Amino acid sequence: MGSRNRTAALEQLWRAPSAPHDHPRVKRAAGRPDRRPHLLALTDLLGLGAPAWWVLHAAHAPRPSAAAAVAALVWVGVRATRGRYTEPPPGRPRPFSPPLADWLVLVGTLVVLLAVTGHRPDPATAVPALVPGLAAALTAVAAARWRAARRDGPAHRVLVVGETACLDRAVGRLTSRAGHPYAVVAAVPVGEGVPGGDTPVPGRLAPEPAEDDVSTVLGSAFAHDADLVLVTPGPKLAGDRLRRLTWGLHDGGVALCVLSDLSGTAAARVRPASVAGLTLLHVAPPLRHGPQAALKALVDRIGAALGLLVLAPLFLAVALAVRLTSRGPVFHRQVRHGRHNTPFTMWKFRTMVADAESRKEQLARVNESEGPMFKMRRDPRVTRIGHALRRTSVDELPQLFNVLRGDMSLVGPRPPLPEEVARYDEKELRRLAVRPGLTGLWQVSGRSDLSWQETVRLDLWYVDNWSVTTDLGLLARTVRAVADGRGAY
């Protein structure tokens with residue numbers, strides 16, 4: 001009787017009109033102006049103006065101060081015109097728009113101004129002078145997002161519903177990753193399986209559709225103050241059963257989200273459509289050719305050339321340190337496989353003893369990687385200076401020569417060894433569909449601390465979903481990852 005009364009009460013609740021639940025958020029103190037737009041504008045002004053002056057001055061361009069000032073003012077003007085410094089409406093978060101589109105508008109605006117004034121600057125100097133401003137804006141946006149996430153906390157308290165295997169996968173991903181607005185508060189499994197982990201399980205759905213499906217999910221959501229239900233569809237939760245659950249949740253004032261099987265596909269590549277009463281998801285092919293690929297190649301070559309020029313003193317200092325602290329050559333040359341499985345010679349500063357390759361067989365039994373890579377936290381072959389170079393990733397910098405040659409890219413998957421590629425399956429070989437990178441998702445996500453499966457998953461996501469905007473964001477995140485030093489050994 002008690003169970004029937006509870007079910008009836010909950011059904012009455014979800015049938016009655018209700019408003020979404022409000023969750024407390026940290027609000028700015030009344031009367032205190034928001035200075036973030038002014039700080040962002042100042043960051044844009046200095047982030048483009050100062051490096052642009054330095055590049056133009058170093059290249060002996062005419063009137064570098066005036067040219068840099070004009071470019072910086074136009075940059076801030078473009079950003080302001082496109083609403084990047086506008087106060088958001090009360091109660092709404094500040095939009096953090098990617099600056100790449102603004103930067104392309106800046107380039108177009110400057111081209112028009114130069115055509116009107118009759119100036120003919122050298123593109124090999126003018127374009128690199130503008131690139132640091134884009135990097136500074138991307139870094140500022142990433143920092144603003146991080147501060148907002150720390151200040152406001154998760155935007156959604158999530159109840160996950162689904163069959164055990166899919167449920168565990170979704171909960172594991174959401175709880176193991178930071179930087180997203182979803183906090184899992186509870187889980188409702190379908191069927192008899194027992195979910196892993198320590199997530200609370202306030203209820204369970206029967207293997208077959210039942211009258212209390214909606215009341216169980218709604219009761220669990222209300223009990224844990226969840227404002228979003230994430231459903232992981234499966235054979236036991238699909239069709240009419242999922243549709244009725246959708247009706248009940250929406251009538252009960254709780255938002256619904258359905259996990260897609262296209263989790264390895266970026267949202268920007270997916271376009272929904274409705275045809276003949278069917279909801280279709282069109283998936284755009286990965287970028288392989290076209291303007292973005294050409295722009296990526298241009299950014300790679302310009303970035304590598306600038307990097308080699310700016311870092312020349314550091315190269316000299318590191319070369320002397322390596323040469324004076326251990327016997328052997330300064331550089332370590334190694335055959336790696338690149339795009340389309342093409343071998344090339346990769347350059348690094350030597351961080352191991354000269355006969356490290358011959359000792360590798362002796363250490364095979366203590367390999368800490370479950371995949372084809374060799375990983376060892378305390379590798380006895382690494383020299384004293386090598387530990388410092390690896391922790392700061394300075395040993396990777398000679399790969400800028402490979403980027404300049406076209407063997408590698410600034411951003412991409414990790415370049416594998418021939419013996420690793422020999423053990424690849426069909427899925428892992430897809431990592432070689434693009435040029436390997438000096439940095440990538442593996443670099444900013446933990447490096448050697450990642451499992452082999454996680455490394456492959458990140459690389460495959462990049463191979464299918466890369467864009468120039470993604471590359472620039474990863475370059476900005478690499479600075480933080482290198483400073484952190486996590487997973488570098």
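**Cavities, a pocket and a surface patch**

Q: Which element gives the largest share of the lining of the largest cavity?
A: In this predicted model, α9, β9 (409-411) and α18 each supply at least two residues of that lining. The largest share is four residues, and the element that gives them is α18.

Q: What is the volume of the largest cavity?
A: The whole structure holds three cavities of 30 Å³ or more. The lining of the largest cavity includes Lys296, Asp300 and Asp471. The volume of this cavity is about 60 Å³.

Q: How many charged residues are in the lining of the largest cavity?
A: Val299, Leu410, Val411 and Leu475 are among the lining residues. By class, six are nonpolar and none is polar. The charged count is three.

Q: Which elements give two or more residues to the lining of the second largest cavity?
A: This cavity has a volume of about 50 Å³. Its lining is Leu100, Trp103, Val131, Leu134, Leu295, Val299, Val468 and Leu472. The elements that give two or more of them are α4, α5, α9 and α18.

Q: How many nonpolar residues line the second largest cavity?
A: Trp103 and Leu134 are among its lining residues. The lining has no polar and no charged residues. The nonpolar count is eight.

Q: Which element gives the largest share of the lining of the second largest pocket?
A: The pocket has a volume of about 1200 Å³. Its lining takes two or more residues from each of α2 (36-58), α4 (100-117), α5 (123-152), α9 (291-310), β10 (437-439) and α18 (468-484). The largest share is nine residues, from α5.

Q: Which residues lie nearest the centre of the second largest pocket?
A: The lining counts 38 residues. By class, 30 are nonpolar, seven polar and one charged. Nearest the centre lie Ala135, Gly303, Gly307, Leu410 and Leu475.

Q: Is Leu309 buried or exposed?
A: Leu309 sits in helix α9. With Trp53, Trp54 and Val310, it makes a nonpolar surface patch of about 420 Å². The elements giving two or more residues to that patch are α2 and α9. The relative accessible area of Leu309 is 59%, over the 50% cut-off, so Leu309 is exposed.

Q: Is Leu130 buried or exposed?
A: Leu130 belongs to helix α5. Its relative accessible area is 10%, under the 20% cut-off. Leu130 is therefore buried.

Q: How far apart in space are Leu130 and Leu48, C-alpha to C-alpha?
A: In sequence, Leu130 and Leu48 are 82 residues apart. In space, C-alpha to C-alpha, the distance is 6.4 Å.

How values were computed. Residues numbered from 1 in each chain as written. Predicted model: local features only at pLDDT ≥ 70, side-chain atom pairs only at ≥ 80, totals over all residues. Heavy atoms only, no water. 1 Å grid on protein atoms, 1.4 Å probe; cavity = no way out; pocket = protein on both sides within 12 Å on 5 of 7 lines; lining within 4 Å. Points joined across faces, edges and corners; volume = space filled by probe spheres on them. Nonpolar A, V, L, I, M, F, W, Y, C, P; charged D, E, K, R; others polar. Patch = residues over 30% accessible without salt bridge, like charges linked within 9 Å, V, L, I, M, F, W, Y side chains within 5 Å. Areas by Shrake-Rupley, 256 points an atom, 1.4 Å probe, with all protein chains shown as cover. Salt bridge = Lys/Arg side-chain N within 4 Å of Asp/Glu carboxyl O. Buried < 20%, exposed > 50% of the residue type's maximum accessible area, 1.4 Å probe, protein only.
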